[in-house]
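Me: I would like a close look at one part of this model, with the residues named.

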Amino acid sequence: DLLKYDSATGAPISAKFIDFQQTRRGNIYEDLLYFVYTSTTPEFRKHHLAQVLHTYYVSFAAALEHLNVPMPGYFTEGYFIDKFFSQLIPIYLYMLYAIPLQLGKHGDPDPTMGKLSKEEALAILLVIVEQLYSSSPAALERLEALTRELVGLKVF
């Protein structure tokens, strides 16, 4: 994270995020959802998510303008926000695995996993996830909070 501070007050006035944790080809929603749901609390999202999404969209538009790249005509702020919320179930499913990896105890992945059938890999994944959650009460607490939040938003 890079913070810019007000020279008079010393208070942070802006932030830039550089995240190479999951470097891969993807879309802005995957990265933004991952950031929002692993780096903020339900309380923060309840009070500030609309502002975060607005700021992200405005910054994205400004970056495109700075690069002289036209914003696609369909990509309005409303479209961006609707698309963000349409991805809540996929990010929840991803969080089932990501949260305990972030907060739990885990070892190196088993290199033989790539040689298994989908059914065998899924069965092993479920055991691994169960072990990760059982080793981290904090991960289980975060998953419970996320589940309650999404139920409150009527995602499920």
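How many aromatic pairs does a search of the whole structure find? Please take the aromatic pairs first, in particular Phe84 with Phe85, and then go on to how helix 4 and helix 5 meet.

Reply: The model is a predicted one. Searching the whole structure gives 11 aromatic pairs. One of them joins Phe84 and Phe85 in an edge-to-face arrangement. A pair of aromatic rings is described by the distance of the centres and the angle of the planes. For Phe84 and Phe85 the values are 5.2 Å centre to centre and 85° between the planes; edge-to-face applies because planes over 60 degrees apart are counted that way. Phe84 has 0% relative accessibility and so counts as buried, whereas Phe85, with a relative accessible area of 34%, is partly exposed. Ring pairs also link a cluster made up of Tyr29, Tyr56, Tyr57, Phe60, Tyr74, Phe75, Tyr79 and Phe80.

Now the helices. Two packed helices are described by the angle between their axes and the distance between the axes. Helix 4 covers residues 88-103 and helix 5 covers residues 118-134; their axes come within 9 Å and cross at roughly 45°. The two helices are therefore oblique to each other, and helix 4 passes helix 5 in a left-handed crossing. On the helix 4 side, the contact is made by Met95, Leu96, Tyr97, Ile99, Pro100 and Leu101. Helix 5 contributes Leu125, Ile128, Val129, Leu132 and Tyr133. By class, this contact has 11 nonpolar residues, with no polar and no charged ones.

How values were computed
Residues numbered from 1 in each chain as written. Predicted model: local features only at pLDDT ≥ 70, side-chain atom pairs only at ≥ 80, totals over all residues. Heavy atoms only, no water. Axes fitted to C-alpha atoms, helices over the stretch in contact; angles between N-to-C directions. Helix = DSSP H or I, 4+ residues; strand = E, 2+ residues; numbered from the N terminus. Parallel < 35°, antiparallel > 145°, perpendicular 65-115°, else oblique. Left-handed = near helix turned anticlockwise from the far one by under 90°. Contact = heavy atoms within 4.5 Å. Nonpolar A, V, L, I, M, F, W, Y, C, P; charged D, E, K, R; others polar. Phe/Tyr/Trp six-rings, centres within 6.5 Å; stacked < 30°, edge-to-face > 60°. Buried < 20%, exposed > 50% of the residue type's maximum accessible area, 1.4 Å probe, protein only.
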